[in-house]
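Me: I would like to go through some side-chain contacts in this model. Could we take them one at a time?

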Amino acid sequence: MSEQAVEEESGRIPISQRPEWADVRPVPQDDGPNPVVPIAYTDDFSETMDYFRAVYLADERSTRALQLTKEAIYLNSGNYTVWQFRRLILEALNVDLREELHFVEQITRDNSKNYQIWHHRRWVAEKLGTHVATQELEFTREIFSQDAKNYHAWSHRQWVLQALGGWEDELAYCDELLEDDIFNNSAWNQRYFVVTRSPILGGLEAMRDSEVAYAIKAILTKPENESPWRYLRGLYKNDVKSLGNDPRVGSVCLDVLMDKRDYVHALNMVLDLLCHHYQPSNELKNAIDALSPDPTPSDSDLIQRVCSILQLVDPIRANYWEWRKTTVPAQD
């Protein structure tokens, strides 16, 4: 509960004692004659919801009903019906939605993974229009400073960019997040979203060369990090054959394998390339040989050999790599 909510609750006057509610007959919750597991609601919660049911059934779109929804939200911010009715009241009363946005900010800070709150925030932002784009992006940035992988905040940020704008600094923001934590898979996902969706960057074709370089730099920094490897694949839309045609891909795999540390993802990349008729360099073959448990490897079973190495260095997925051995495509 927010500080404002605590203050309001500490001096709370029961609704039944408020003069403005004297004409309303509360509607108790009907759990049937023999509820199996009755919930022990607090007195404040039960009273608030009893009065909410009364105004909801009467479809009362008034100032007092709006205030009542706020009290109900403070008690349970996940109640979809309360939020939905609040939106109807806001529209009916033509309330200043900038104040509503401020209210939602207070609630979100204490419930940042509550879907209903983010859904309501999107509704408010959409009503207010493009001039709140910067404010919304800054708010999600605040949330990420506490939880960099908050799915609801990322979903909201992507919606803001597409519906309200604000693309200009988004790639730089992704840079900032990845400089802070190169393992932040949410930031890698956002980077791909920006590269492929931004109307000002020119699209994936225009960005591919520089982004491949960016991914390779990240791979060489932390080769055990799966995210840049996945990002590299995505830059070719998972077209492994085209991926293999970029000499930088084979080169980075070779560099990681030569280092002989944290090379599972590099070897996995090599395996996929080989399964799409990739012709490795002699240097790459030698690097694989150096890792092989077979003292006398032969060129004819290179894919099998890579799978065997992966079984040893990635034992958690040993059965998967064994299965990969059985799915090797026919070679031309």
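This is a predicted model: local features need pLDDT of at least 70, side-chain atom pairs count only at pLDDT 80 or more; totals for chains, interfaces and linings use all residues.

Me: Which residues are linked in a network?

Reply: Salt bridges link Arg12, Arg18, Asp44, Glu47 and Glu71 in a network.

Me: Where do Arg305 and Asp289 lie?

Reply: These two side chains form a salt bridge with an N to O distance of 2.1 Å. Arg305 belongs to helix α17 (residues 302-313) and Asp289 to helix α16 (residues 282-291), so the pair ties together parts 16 residues apart in sequence. Helices here are DSSP runs of H or I with at least four residues, numbered from the N terminus.

Me: Is Arg305 buried or exposed?

Reply: Arg305 is buried, at 5% relative accessibility, whereas Asp289 is partly exposed at 28%. Buried means under 20% relative accessible area, exposed over 50%, and partly exposed in between (1.4 Å probe, protein chains only).

Me: What about Arg109 and Glu105?

Reply: Their side chains meet in a salt bridge at 3.6 Å, N to O. Both are in helix α5 (residues 97-110), and because they are four residues apart, about one helical turn separates them. Glu105 is buried at 12% relative accessible area, and Arg109 is partly exposed at 37%.

Me: Changing topic, where is Ser77?

Reply: Ser77 sits in the loop between α3 (63-75) and α4 (80-93), and is buried at 10% relative accessibility. Its side chain makes a polar contact of 2.9 Å with that of Asn114. A polar contact is a pair of N or O atoms within 3.5 Å; within protein, one must be able to donate a hydrogen and the other to accept it, and residues adjacent in sequence count only if both atoms are side-chain atoms.

Me: And where is the place of Asn184?

Reply: Asn184 is in the loop between α9 (170-180) and α10 (185-197), buried with a relative accessible area of 2%. A polar atom of the Asn184 side chain lies 3.1 Å from the backbone nitrogen of Ser186.

Conventions
Residues are numbered from 1 along each chain as its sequence is written. Side-chain values use heavy atoms; hydrogens and water are left out. Helices (H or I, at least four residues) and strands (E, at least two) are DSSP runs, numbered from the N terminus. A salt bridge is a side-chain nitrogen of Lys or Arg within 4 Å of a carboxyl oxygen of Asp or Glu.
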